[in-house]
Amino acid sequence: MIAIKRLKNILWILIVAFGALTAYLISLRVATERNQVQALERSIHQVRGEIRYLETEFEARANMRQLEAWNAKDYRFVAPQATQYLPGERALASLEGVQRNGELYVAPPVMMAMAEEPEASATATVPEAATPAPTQVRESETMLRVATASATAAVITPAKTAPTKPKAQKAPEKAVVQLAEVKTSDLKKVDLKKAERKTETAKDKAKPERLAAIAADLRKVAAKETSVRMASAARPAASEPVARKQARMAMLDSQLLDSGTLRDLNRKAAAEARSRGN
Amino acid sequence: MATVLVRPAETDGPAQRFDLTAVAHKRLVVLLLLFAATTGVLSCRMLWLGIFGGTAETAPSARGAIPLRADILDRNGEPLVRTIDAYSIAVRPPLVRGDPEILGEQLHEIFPDTPAAKFTKLLRSKKRWAYLRHRALPEEVAAVNRLGEVGIEYPREKERLYPQRTLAAHALGFASMDDRGRLMGMGVERAFNDRLIDPAMRGNPLVLSLDTRVQGVMESELYQGLSSQSAAGAAGLVLDANTGEVIAMASLPVFDPNKLDNRTTEARRNVIVQSNYELGSTFKPISIAAAMDAGVVTSMTKRYDATAPIAVAGFRIHDDHSMGRWITVPEILIHSSNIGTARIADELGVERLQSAYRKLGFDQRSDIELRERAGTLWPSDWGRLTNMTVSFGHGIAVTPLHLACAYAALVNGGIWRPATMLKVREDQVPKGRRVFSAETSARMRQLLRLIVLNGTGRNADAKGYRVGGKTGSAEKPHQGGYAKHSLVTTFAAAFPMDNPRYIVLVMMDEPKGNKETYGLRQAAWNAAPVVRRFIERAAPMLGVFPETRDVDVSELTAQLGHGEAKD
């Protein structure tokens with residue numbers, strides 16, 4: 001009995017001791033944790049101080065006076081002029097770079113590609129681009145219209161049911177396919193619409209008067225097609241791949257490096273130099 | 001045999017013994033209490049520390065981040081003044097091992113602006129400790145460190161640094177103590193000294209209304225104008241017309257608040273608030289607006305006699321370029337006619353012109369926070385002649401800031417507001433006081449735009465930015481009279497005129513004129529082009545973009561006759 005009582009006492013002592021120890025350990029943990037947090041805070045403050053110092057140093061080195069001096073010496077940027085601001089999205093959309101009539105106008109580059117053209121038998125002579133860029137643009141625009149016309153004819157031909165003149169029936173092969181960065185000409189839109197209309201009417205088992213109208217239209221198309229021929233004859237056509245390649249190269253050269261382009265480049269450079277000199 | 005019986009002495013042994021135990025008990029209890037109390041006190045203290053100790057300990061380290069003096073930022077948060085731990089280089093002469101001569105030469109190579117002899121002298125001195133250099137750059141410290149001298153040390157000190165150097169130096173200023181411990185200095189640093197060192201506030205930077213970029217543009221354009229016209233000085237001010245915030249405040253010549261020395265004392269004058277000038281023709285729009293408000297000028301078609309000089313009290317008021325005919329109000333402003341303005345002022349009378357000028361604060365110091373602001377020269381004897389001359393800006397002297405505030409009231413709808421150096425939140429804009437009616441203000445906007453389109457301000461017309469303004473040239477007072485050849489030319493402008501947002505004021509002090517200005521020394525040729533170039537560069541930064549629409553002045557152009565514009 002007494003033994004149990006003593007054991008109880010010891011047990012109590014042990015429990016209390018264990019509790020105290022746990023409490024102590026926990027407080028020790030807390031203290032360590034707190035110390036770490038403090039150390040971290042201290043280092044944060046230190047780093048903040050360093051950032052502040054570096055920021056200030058950066059600010060001091062890149063002060064307005066210094067930037068301006070650098071600009072005056074090396075970069076020579078100037079504030080944008082009033083004319084360089086656009087009033088809105090509409091103006092941005094209609095922005096076309098340099099004005100066409102301006103002194104420094106150089107036509108935008110026209111990219112072209114050619115497809116095979118077996119029946120074209122014109123000589124592979126390259127027409128010398130005597131006139132500078134504007135002429136080239138005009139030329140390519142007419143080419144584009146012509147090409148569209150022939151394409152329209154090609155669309156119509158398969159849907160055609162009524163007999164028409166053999167001249168129109170002959171589906172023209174794609175003579176020249178031109179990809180151009182030029183604005184879509186009005187003619188092209190008109191032609192496309194017409195073509196759609198015509199296809200529809202043709203599907204509707206066309207009535208005679210309509211057919212007559214179509215025939216008239218097709219006659220016009222055919223007339224245009226002949227002009228395609230004529231134009232493509234003027235273009236560097238090629239029976240041999242080598243000659244065609246040469247022609248293409250020559251065309252690229254004439255676009256990039258003909259005397260007119262060079263003169264334009266030089267003039268631009270001179271103007272820039274002048275404005276810098278001021 | 002006799003037996004002697006001695007009564008045994010009464011022994012109180014057991015009682016004594018009992019007492020001793022009691023005493024021992026008592027003592028033990030006292031001791032126990034003592035231990036208990038000590039333990040209690042200690043545990044209480046521990047508890048206290050455990051609960052509150054943590055926060056008490058972390059507080060000082062957090063406080064370490066708060067600068068001793070608050071930073072100053074511009075309206076976009078760009079730092080203008082900061083307190084940093086700067087390096088300085090010091091020497092303990094007794095510890096120096098190397099040869100002072102050689103060390104002096106080496107130090108001179110690193111710091112070319114200090115002579116080698118001075119370094120040698122410091123290295124040889126009998127002092128225990130001396131500064132070699134304040135505010136050294138880190139790479140300079142590294143270079144000195146590479147010399148390997150043990151006697152040189154690099155203490156870090158709290159320094160006030162102005163990263164933009166001379167930029168806005170007059171507005172920012174500096175604070176210092178004189179010998180008797182009084183606060184000296186100038187600018188924002190002095191005016192807000194208490195706020196900057198207040199422990200409760202110094203954690204938050206002070207945000208000014210200045211815009212660093214605009215200030216930079218203003219100073220650079222002023223400097224170009226100053227050097228091309230070999231002027232003695234120049235000043236520029238940009239004011240928000242609707243809130244009174246100072247966006248840029250520049251005064252040339254400049255000084256560097258990082259390096260204050262006695263040589264820069266003259267340059268420390270902030271012309272915008274510290275100097276008052278007779279600002280000349282720039283007063284004309286104000287006088288005419290007052291007359292319009294008072295109902296004296298009822299119509300823009302009303303004509304005034306400008307055929308001959310007016311003779312009043314033995315003084316003749318004449319025009320530099322006489323029109324020789326009767327002219328309308330738009331013509332008076334476009335040709336800057338003294339005679340016309342004087343006639344209107346005469347009709348307006350002393351009382352009403354005075355009250356208008358008083359409402360604009362021309363009779364007292366400006367309301368800006370800066371401490372160095374100057375008073376005005378208000379005519380002591382305001383008679384009929386004074387009334388006439390004052391109407392075109394002669395015989396009254398105010399600071400450029402006064403004029404800018406008046407122009408703000410002139411164009412913003414007629415409300416005068418005090419100028420401030422602090423950024424104003426939208427809901428904190430001061431109510432101000434009404435000086436002109438809204439209709440008068442609208443008419444003045446047209447007239448000021450007209451002056452720039454057709455009159456003396458043509459050189460200030462930044463295309464697309466709808467600038468309006470008025471030129472003014474005045475002779476500087478000199479030995480009791482006027483110095484005919486030392487002019488102060490001013491251009492006070494506002495833009496965009498369809499809804500004025502900013503007032504720009506540029507002043508050139510004694511411009512000499514050059515080839516570009518055809519040798520002319522008038523505001524139209526000196527100050528106006530500076531305003532144009534400034535607006536072209538700074539307006540997009542201020543959120544004003546060029547537009548094709550403009551103020552409709554067609555009804556006023558109809559009133560114009562033909563004739564040459566003058567200043």
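**Close-ups of chain B**

With 11 C-beta neighbours inside 10 Å, Ser230(B) counts as exposed (exposed is 12 or fewer other C-beta atoms within 10 Å of a residue's own, buried is 20 or more, partly exposed is in between, and C-beta atoms are placed from the backbone). This is a predicted model, where local features need pLDDT of at least 70 and side-chain atom pairs count only at pLDDT 80 or more, while totals for chains, interfaces and linings use all residues. Residues are numbered from 1 along each chain as its sequence is written, with chains lettered from A and ligands numbered from 1 in the order in which they are written.

View 1. Most residues other than glycine have a negative phi. Helices here are DSSP runs of H or I with at least four residues, strands are runs of E with at least two, and both are numbered from the N terminus. Ser336(B) also has a positive phi, near 50°, and belongs to the loop between α11 (329–334) and α12 of chain B. Is Ser336(B) buried or exposed? It's buried, with 31 other C-beta atoms within 10 Å.

**View 2. Two cis peptide bonds.** Leu252(B) and Pro253(B) are joined by a cis bond with omega near 0°. Pro253(B) lies in the loop that links β10 (246–252) to α9 (271–274) of chain B. Another cis bond runs from Phe495(B) to Pro496(B), with omega about -15°, and Pro496(B) falls in the loop between β18 (481–495) and β19 (502–509) of chain B.

**View 3. Helix α16(B), mostly covered.** This helix (residues 438–454) has 17 residues and spans 24 Å from its first C-alpha to its last, close to the 24 Å expected (1.5 Å times one less than the number of residues). Of those 17 residues, 12 are buried, including Met444(B), Arg445(B), Arg449(B) and Ile451(B).

**View 4. Helices α10(B) and α12(B) crossing.** The axes of α10 (residues 284–293) and α12 (residues 338–348) of chain B come within 10 Å and cross at roughly 35°; axes are lines fitted to C-alpha atoms, for helices over the stretch in contact, with angles from 0 to 180 degrees between N-to-C directions. The crossing is left-handed, meaning that the near helix is turned anticlockwise from the far one by less than a right angle. On the α10(B) side, look for Lys284(B), Ser287(B), Ile288(B), Ala290(B) and Ala291(B), which meet Thr341(B), Ile344(B), Ala345(B) and Leu348(B) of α12(B). Residues count as in contact if their C-beta atoms, placed from the backbone, lie within 7 Å.

**View 5. Inside the largest nonpolar core.** A nonpolar core is a set of buried Ala, Val, Leu, Ile, Met, Phe, Trp, Tyr and Cys residues joined through C-beta atoms within 7 Å. The largest has 138 residues, and Leu239(B), Ala404(B), Val504(B) and Val531(B) touch the most other members. Beyond its neighbours within four places in sequence, Val504(B) contacts Val238(B), Ala493(B), Phe495(B), Val531(B), Phe534(B) and Ile535(B). Another core, of 10 residues, lies apart from it, with Ile89(B), Val91(B), Leu103(B) and Leu122(B) among its members.

**View 6. Where chain B touches chain A.** The contact draws 27 residues from chain B and 20 residues from chain A. On the chain B side, α1 (13–63), β2 (79–91), α8 (212–228) and α17 (523–538) each supply at least two residues.

Key:
Contact = placed C-beta atoms within 7 Å.
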